[in-house]
There are 2 protein chains.
Amino acid sequence: MSFLQEIMQFELTTDILDSLKQAIDEKNNDFLNTQLHELYPPDIAQIINQLNLEQAAYIYELLDEETAPNVLLELDEEKREELLATFSSKEIAEQLDNMESDDAADVISELPQEIQEEVLSHIEDIEQASDIAELINYQEGTAGSLMAKELVSVYAFETVSQCIEEIRKQTDNVDTMYAVYVLDNNERLIGILSLKKLIISHPLARIEEIYEPDIRSVKTSATTEEVADIMHKYDLVMLPVVDQLGRLVGRITIDDVVDVIKETADENIQRMSGISDDVDTNDHIWRLSRARIPWLLVGMCGGIIGSRIIGSYEAQIQIHPEMAFFIPLIGAMGGNVGVQSSAIIVQGLANNTLLGDNITPKLFKELGVGLINGLICSALIWSYAFLIEDWQLAATVSIALLTVILCASFLGTFVPLTMNKFKINPALATGPFVTTLNDIIGITIYFLIGRLLYAVF
Amino acid sequence: MSFLQEIMQFELTTDILDSLKQAIDEKNNDFLNTQLHELYPPDIAQIINQLNLEQAAYIYELLDEETAPNVLLELDEEKREELLATFSSKEIAEQLDNMESDDAADVISELPQEIQEEVLSHIEDIEQASDIAELINYQEGTAGSLMAKELVSVYAFETVSQCIEEIRKQTDNVDTMYAVYVLDNNERLIGILSLKKLIISHPLARIEEIYEPDIRSVKTSATTEEVADIMHKYDLVMLPVVDQLGRLVGRITIDDVVDVIKETADENIQRMSGISDDVDTNDHIWRLSRARIPWLLVGMCGGIIGSRIIGSYEAQIQIHPEMAFFIPLIGAMGGNVGVQSSAIIVQGLANNTLLGDNITPKLFKELGVGLINGLICSALIWSYAFLIEDWQLAATVSIALLTVILCASFLGTFVPLTMNKFKINPALATGPFVTTLNDIIGITIYFLIGRLLYAVF
């Protein structure tokens, strides 16, 4: 064995995948076992995600008792469902027995309702079964649904040596443990005791003399976003969860919260890009299409409205066809500026660097930025259009461009801030919605100014 | 004191801010102290970020020795620089003395080079000073720059009670501690010992009998993204950092990595939205303008190219001005589809759900999605245009739309995957770049098909 097991990022390539598929076809278990033994559960899950059901089941069969449940947890939801559908209730229960309670609850709540009870009844560890049964009752998206039951708690009146005895007893079912929670006689959470403090304290010292009363907790009903914000903001690794009476019922670890943070960021990117459902590249082609068509239809409606507006200037286009040349420029610039403005606002809101309750100063700031960039762009386009075409067109394009950029800055700021006030995810505003709106407004402004200038001069 | 200190998300409103500003003006320290005492450092930092320098310095003065350095750490970089510029080297050194080594190194490396040495010489704790001096030498963006020096390590040949003695000695400078690292005689990292295991083991047991040899570590030269990926993927709370010889030199905690994950996600959103620098809503108007103008100029160039293409069809527009009506629709739809496709690819790459080395199957899948959505959209637009205009226009628009959607699907997939192969951030492709490219291609296709159909029939 090497002295140092430096972890290298395992990178799955098509070559590795092909060699594994071939080994599965040839039932070359020696090769597979050697390969799998070197990998951690998330890496094995990454491989299984790329396999068909038959191949996935074959690989899963080869895993040892300890690795298998961890691989199961790391699989894509679709793949896990497929795989579990081939298991008996008893087999599923065996997998759940070796998981932490929160992970087990996540898996079981993905199963069809009628199977859930059957699986629960097959779990051997009664405490684990009752923990899972409790956890699946919490609503998705709440602290209750995120927490695990595994924790060590002591009463304030106990001594250090009693506490250590307690840890020894509970050691089996607590994998990750960084601190002991301190309770009063009514089971209410009153503080925390770090393991470090426990180690360096006298065995006969009372917990109430050494514990830290400044502890942060959340209620089971807090949202996962609140939990993520709190743990990130206050740099917490563990967050205890209490019920309405302040009694300790569970704890949330940072790794679950990292997942929430990643998912929220991903979701925002998808909303901003006009994808209406949580999809990834491995999803089925129909699902991908369905998630994307709604905003395309919105874009279509915008395009049709745009065509009606331009249509009302048909006669003018016949006399001045050069008016048509700059339609794409006006549309694109409005879209770009709108997306830039709203992206900054959406991020400011998400990161709490922006006070959401007072819109006016932000609007003026964005309009300032729009004015600077609008003046630069319209000066450039004026020079270009003046050289190539006539001065009326140059004036039309440059005035319209400046107006469009200002409008887009305004809308790109106003729309997400307003949506946020009404508790709608402001990321929705950043994508096709603002782009489409700006397209329509841009064309209207452009032709209005054009008609005015050509008519007057 | 309440039994339960439930943490509520502190939400800064304009009203709270105004009342604090007023209290500063009136030098009402009683009010300010009461208010500040109830808040945690990140909340106080959020307030100071919204104040001018004079007000910020006033509030900072009121903070106690323990709170002040933590508030300093949580400030926006600009605000921290401003504030520190009003401090003497000695005052800065006092702040750094109470920070963890990695935080202190971050702060000091933001200072002008000539001040850094002076500040270091004023730090009272010699070990802290030498730790900081070591850390600031690591290149930004590497594991070395992210790690802290505070950790507890023991030799494998020591006993549990010696180890506990060691913890007792090092307890002052290690705030967060979840495990003890185990070294061989050459200072090389060979394993880990959880505090839980330490607590429940016999005092005379040797470390080598009870430690866990399966430990994951990174070299100081690993990138912060690699560190974040590893800690997130393998659910690690702490990651030890070793030098080229495998000797333990520091450790990285998950809270620093959560920051990296958040920053990376924010940066991707900004790149996708056509913002070329890391800015937020509190930045100065000039900085915001500068970060946004580059991609606007790219969009302008695209618009000008578009105008040349349309210009070459001037005569046709004069005969068929209705051709101009659907220019915005074609442009917008190309843009929308391109952004959707590339967003999914960028996320797949970021989350490792997508194998980056084999492009072909992804291209076909995206083209499949494009075909389905393209057929739906072009059928709808055909019906509309056929009712409103003539059949040639209806055919032109619908055929062009389908072609544009397929092209955009192709480019939206191909461009980010190719950029990723050449190690360029693929998020850059999702924004104005793909949109502009699709605009140009869309117009070209549209007019080509239009000329063909009107000429032939």
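Leaving out its neighbours within four places in sequence, A:M333 is in contact with A:C377, A:L401, A:V404, A:I405, B:L296, B:G299, B:M300 and B:G303; contact here puts the two C-beta atoms, placed from the backbone, within 7 Å. This is a predicted model, in which local features need pLDDT of at least 70 and side-chain atom pairs count only at pLDDT 80 or more, while totals for chains, interfaces and linings use all residues. Residues are numbered from 1 along each chain as its sequence is written, and chains are lettered from A and ligands numbered from 1 in the order in which they are written.

**The core around A:M333**

- A:V227, A:M333, B:V227 and B:M333 touch the most other members of the largest nonpolar core, which has 214 residues. Such a core is a set of buried Ala, Val, Leu, Ile, Met, Phe, Trp, Tyr and Cys residues joined through C-beta atoms within 7 Å.
- Helix α21 (residues 391-421) of chain A gives the largest share of this core, 15 residues. Helices (H or I, at least four residues) and strands (E, at least two) are DSSP runs, numbered from the N terminus.
- As a general background, nonpolar side chains tend to be buried together in soluble globular proteins.

- The contact joins 124 residues of chain A to 124 residues of chain B.
- On the side of chain A that touches chain B, there are 64 nonpolar, 37 polar and 23 charged residues. Ala, Val, Leu, Ile, Met, Phe, Trp, Tyr, Cys and Pro count as nonpolar, Asp, Glu, Lys and Arg as charged, and the others, Gly among them, as polar.

**A helix pair across the interface**

- Helix α17 (residues 285-311) of chain A packs with helix α20 (residues 360-388) of chain B at an angle of about 35 degrees, their axes 9 Å apart. Axes are lines fitted to C-alpha atoms over the stretch in contact, with angles running from 0 to 180 degrees between N-to-C directions.
- Residues of α17(A) in this meeting include A:L296 and A:M300, and those of α20(B) include B:I376 and B:C377.
- The contact of α17(A) with α20(B) divides into 13 nonpolar, 3 polar and 2 charged residues.

**Buried places**

- Among the elements covering them are α5 (67-74), α7 (89-97) and α16 (254-272) of chain A.
- A:R251, in strand β6 (residues 248-253) of chain A, counts as buried because it has 25 C-beta neighbours inside 10 Å.
- The C-alpha atoms of A:R251 and A:E150 are separated by 7.6 Å, though the two are 101 residues apart along the chain.

**Loop residues with positive phi**

- A:K27 is not a glycine, yet has a positive phi of about 50 degrees; A:K27 sits in the loop between α1 (14-25) and α2 (29-37) of chain A.
- B:K423, also not a glycine, has a positive phi of about 60 degrees and is exposed, with 7 other C-beta atoms within 10 Å.

Key:
A residue is buried if 20 or more other C-beta atoms lie within 10 Å of its own, exposed if 12 or fewer, and partly exposed in between; C-beta atoms are placed from the backbone.
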